[in-house]
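User: Hi! I am new to protein structures and would like to learn how to read a few features. Could you walk me through some?

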Amino acid sequence: MSTTRWQRFQTWAARDNIEDYSLRYAPKSFRRWSPMACSVAALGGIAYLADYSIGASIAVTHGAASAVIAILVAAVTIFLTGIPIAYYAAKYNLDMDLLTRGAGFGYFGSTLTSLIYASFCFIFFALEGSIMAQAMKLAFHIPLPLGYVIGSLVIIPLVLYGMSALAKFQVWTQPLWLILFAAPLVTIAVGDPSGFDGFLSWAGDGGTARVTAIGVGAGAGVALSLIAQIGEQVDYLRFMPEKSETPAWRWWSAVLAAGPGWVILGAAKQLCGAFLAFYVAGEVGFARATEPIEQFLGSYGALIHNHAFALTIATIMVLLSQIKINVTNAYSGSLSWSNFFSRVLHVHPGRVVWLALHIAIALALMLGNMFTVLNTILGFYSNVAIAWIGAIVADLVINKGILKISPSFIEFKRAYLYPVNPVGFGSMLAGSGLSIVAYFGVFGSFLQAWSPYLALAVAVVLTPLIALATGGKYYLARPNPLREEIEKEPLWAGQTLLDVVDGKRYELPDMVHDCPFHGGPVSSLSCTLTKGCAEQCQSPSYADGVGTTDLDLTPVRASS
């Protein structure tokens, strides 16, 4: 790429009010939000209604009793796996892709996981957009295809300015959403209290009234497709203030609430969806009972006997909820696509370009009527997603925390990483491969139903085994003295160095301390977008320490 063209891409990608550090560490100077503000903004995206559809779909397919157990089993799994991911992302101020790089996958090894995460975002964007279009069709008689387009386009201006705009939007709309969230169960409790009778013995459409291992496993597999939601929570948590400068109880409360804590509300919505499907199925049929707009309309009708008024409230609930979550789906998807294409093409025309691509893919899924095959899509996806999450968690908890074979910090910069680390990447491939085979029934009906947990088990077991077998060799291509110094004194993270390529100053965690390709310190962005830069940094002579031992950190400590 020519210097002029490279500099143009570099300039576009450096527009931080729009880019939101899509390829980089979130610097201390930009993180102006309190722990509470980050937490509220992160939880604002949990307004989505796919949980209602998922809970309803599980109950309709397997019966209410199995659905309740399946939802709770999946929720416990998601909560426990979310804790270490939320902690490390908030501590090191990195998004899910950068975290994956340093947690056993390597620079190009995490490319595949970028696609996994991007697919999570556009699958659920399409699902939420379908629910929004269903509401517009019922309330305004707008054809579904046109509703898909409207629901997609309205998201773009809200996502354009990143965290700065999203935080305000989520906070302002949260009180109204909480009221509408509680309203369906309240209206049934007041207007039709006997409507709760018989829920746990409901067999659904072809299910059974009793709890079955197959029903619980298959239902948990569908619910586990949401395990990658922790990545969207992390996209907010990376803007948390410095851990060392925040009261411990405030920092930890925000991390736990906004990180793994999302699944508490998520599981509650799935249980509500299962119940509301039971409540309205007799009136609208099994197929339409999985649609949130029908669920809300039926529940509000228990107390509000004016159909038009009940429909208005139900429509407001659906539209508000779907906009709140799809701004997050679109934002997170744009970050993931940015990371993927920057590695493959060494260019970054701006997050907004990938935002448009993301919405276009989601719109194609909606027009393909993906809502009708919801269980199949989510059940298959969960096998891959949980293997990825399992490998990350095993690396963070076992390899870093227990075995100490993985570096104590998260290294995300291309110049210090091997292209592929077999620890996480190999574990994920093995786990997802075996579980997909099981998902298609090769190992029998039991493992077919529980295939996501096979993926989790294989990934968690293989991650430390591969790390021990390789001696941790593939975590770092060469030492990073800047990161090592910051680990000793966290306050130095806010100090800056000059990037010799673009002439701007970047905070130390974002810097490659001595790039042989450019002849001095460069930012992670410059390193990412320069083809050949990392290859020289990772050459045998340089990786052995040449160019690292004479680094003088004294002026760095004094700079600002």
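**Strands, a helix and a patch**

Analyst: Gladly! This is a predicted model. Let's start with a strand pair: strands β3 (residues 511-515) and β4 (residues 520-523) pair in the antiparallel sense, over three bridges.

User: Which residue of β4 is the bridge partner of Cys515?

Analyst: Cys515 has Gly520 as its bridge partner. Four residues lie between the two strands of this hairpin, and Gly519 takes a positive phi near 80°.

User: Now helices. What should the 29 residues of helix α5 span?

Analyst: Count 1.5 Å a residue: α5 (residues 64-92) should then span 42 Å, and its end C-alpha atoms are 42 Å apart, so the two values agree.

User: Where does α5 bend?

Analyst: The bend is at Gly82, by about 30°, and Pro84 follows within four residues. Of the 29 residues in α5, 21 are buried. After the helix comes Asn93, with a positive phi near 60°.

User: Which residues make the nonpolar surface patch?

Analyst: Leu146, Val149, Ile150 and Leu153 make a patch of about 320 Å². Leu146 belongs to helix α8 (residues 144-153).

Terms used:
Residues numbered from 1 in each chain as written. Predicted model: local features only at pLDDT ≥ 70, side-chain atom pairs only at ≥ 80, totals over all residues. Heavy atoms only, no water. Buried < 20%, exposed > 50% of the residue type's maximum accessible area, 1.4 Å probe, protein only. Pairing = 2+ DSSP bridges. Expected span 1.5 Å × (residues − 1). Bend = angle between axes of the 7 residues up to and from the residue. Patch = residues over 30% accessible without salt bridge, like charges linked within 9 Å, V, L, I, M, F, W, Y side chains within 5 Å. Areas by Shrake-Rupley, 256 points an atom, 1.4 Å probe, with all protein chains shown as cover. Salt bridge = Lys/Arg side-chain N within 4 Å of Asp/Glu carboxyl O.
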